[in-house]
Amino acid sequence: MTETASVLIAGDYVDAYLYGGLLLAWDSRGRLMIASTESLADVVSSGFSIPRRSARAAFVDNKLLSIDEAKSSPGEFGFKSLRSADGDVAHVDINSLDCRFFSVADDAVVFDLMATYGHLFISTDEALLSVPFGPFEVGTVEKRIAHRCLSASPRWGAVSASCADKGAWALLGEIGYGRDIRKRTEQIDEKESVRHAWTGSTFLSFSGDNDIDLYTAAAPVRKGQHRIVETFDPVDDSGEWGSIWQVAIDSDASRLRDADFVTAVTGLLIVVGNGRLTATQISTWSRPVDGLYRDVFAMEIGDRVLSLVETASGLVVETDSSLLYLDDQELRPLISRETISLRSYPRSKRHRRTITATVDGGLLVTAVFGENSVRAAT
Amino acid sequence: MATRHSDQPKVASQVEVLLHRANFQSGYEPRPLLSVVTPGYIQIHSCYHEGWYMAVETEVVGDGLRFIATNSGKTYRSLNYHRATPSGRPPPATSSHGSTGGRKSLWAITQHDEFALFSTADDLDWKDPTGYWAIRDGGRDVLGTKHERIAHFPQKAQSADDWHGYPLYLSPVRRPDATVALEWIANETVSFAIGQKILRGKL
């Protein structure tokens, strides 16, 4: 069984990002909010009668007690008090948190936040902005790319950005904390068909069954080099791409062709189509090898899948109307609300089990602990 | 209760009168109000919604049903290939090319509701350079057979063409212009969350 600890910070938020113990969120009034996860743990502990150690375990350290610790500790270490009888999650008032608000780009329509090396990258309708930040302070905003930017992703010391119909762009160069990001901006692909960013270890697709192209995919080919492709019918291609996409094609062409949603998490290709979610093991990222693929699990899923992220404890699925987490090969509800953004941080030491989601009515912060973690001890 | 209809309805080979509520900002239920018409007459049997109703002529054409016309005079064609066949199956692919191999998204609402959706988009000017966009019940209503919740009525290639449309999933690059989505949020046509999903191309 999986244990989850969720709180909803009430308000209208567009996007959020966890970075180095800080919770960054963009609200409906165009403000950047910075709060500490320590503060969140304190509020949860005091407001919902949760032992401080448990609250810190969920929202600061991302680590539950060891079995020995649990056995030797008296009392309740779970998060039952964060769940209401009707399945809703605990609400936290933003004013109870130790946080600051900053006006960074008032008029911007924000699509995406991403933080790396002490800089926050803000993808907006008109530009990619970056701003250095620290605990409760922000520096000067800089416009990095003067095009509509859908998303930015950190990878191998660089930041890539997707600029929609302008193609994908990359900010290349060493990024050092406390130093300015090198001012080199390189357009790595300006084809109009390149319509979405790669996100490092995943490739993405659009779903749709309409009048225009269907899939956009991106995959790392090797370190420091990426390939972004778009295809409406991968089977028709000669196989020149030689990356995950081709692995997927070799693995199960018809399934992919009929898919409504395709993505990849570490070692798994996730395909959703015809009401079924299938996870297929991928043995290699760099080249397809026949015979090394197998289905890890498959399950029925009624709703349309919009995104899927992984945490160190498992997968979280965003559907049209709710967030679900995968528990023992079953999808269990996390929250039933419209979701604006969903993020996980599987490679973060502090936040690897945490997801942040901006949903209808607030900002959801959830720690997901896998079955190897110790659950409520009472 | 107010009604409006053309003073002198044209009589086509098959004529129906669609009564639909043009103003369905809230509480709209997708029930076409259909009235049988004797050529030369329009009979309005009942109006069970408050708001404006109008009479619209339709004409069966080779590839669909043609509506004449919106309040601003735009003609609309509900195309057969965006509808399941009577047996419930998708229509045959229109070609082997394109992103979907010729397969089209399919409406889950009636042809009259489809026109009503377009008519509303036209009335309320839900338009960007790519054409008109429309939602129903704040974006919660399902419009397509694959749970699509938004519709697009692309800009006509020729001025003489009829308008047409289809339900679709949005993507980050295929979505209403931000001005449309922001206006929907501002006037509470959609909730903040659904508005943001539209802005991000996630609906």
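**Exercise 1.** How many bridges join β22(A) to strand β23 of chain A, and do the strands run parallel or antiparallel?

*Solution.* Before we start, note that this is a predicted model, where local features need pLDDT of at least 70, side-chain atom pairs count only at pLDDT 80 or more, and totals for chains, interfaces and linings use all residues. Residues are numbered from 1 along each chain as its sequence is written, chains are lettered from A and ligands numbered from 1 in the order in which they are written, and side-chain values use heavy atoms, with hydrogens and water left out.

Step 1: find the strands, which are DSSP runs (E, at least two residues; helices are H or I, at least four residues), numbered from the N terminus. β22(A) pairs with β23 (residues 314-319) through 6 bridges, and the two run antiparallel; strands pair if DSSP finds at least two bridges between them.

Step 2: A hairpin with 2 residues joins β22(A) to β23(A), and A:Leu308 has A:Val317 in β23(A) as its bridge partner.

Step 3: check burial (buried is under 20% relative accessible area, exposed over 50%, partly exposed in between; 1.4 Å probe, protein chains only). In β22 (residues 305-311) of chain A, 7 of the 7 residues are buried, so the strand is largely enclosed by the rest of the structure.

**Exercise 2.** Classify the ring pair of A:Tyr19 and A:Phe133.

*Solution.* Step 1: recall the cut-offs. Rings of Phe, Tyr and Trp (its six-membered ring) pair if their centres lie within 6.5 Å; planes under 30 degrees apart are stacked, over 60 edge-to-face, and the rest tilted. The structure holds 13 aromatic pairs over all chains.

Step 1: apply them. The centres of A:Tyr19 and A:Phe133 are 5.5 Å apart with planes at 65°, so this pair is edge-to-face.

Step 2: A:Tyr19 is in strand β2 (residues 13-19) and A:Phe133 in strand β9 (residues 128-134) of chain A, 114 residues apart. A:Tyr19 is partly exposed at 24%, whereas A:Phe133 is buried at 7%.

**Exercise 3.** Now classify the pair of B:Tyr76 and B:Phe118.

*Solution.* Step 1: with centres 5.0 Å apart and planes at 25°, the rings of B:Tyr76 and B:Phe118 are stacked.

Step 1: B:Tyr76 lies in strand β6 (residues 75-79) and B:Phe118 in helix α1 (residues 111-123) of chain B, so the pair ties together parts 42 residues apart in sequence.

Step 2: both B:Tyr76 and B:Phe118 are buried. Ring pairs also link them into a cluster whose members include B:Trp107 and B:Trp163.
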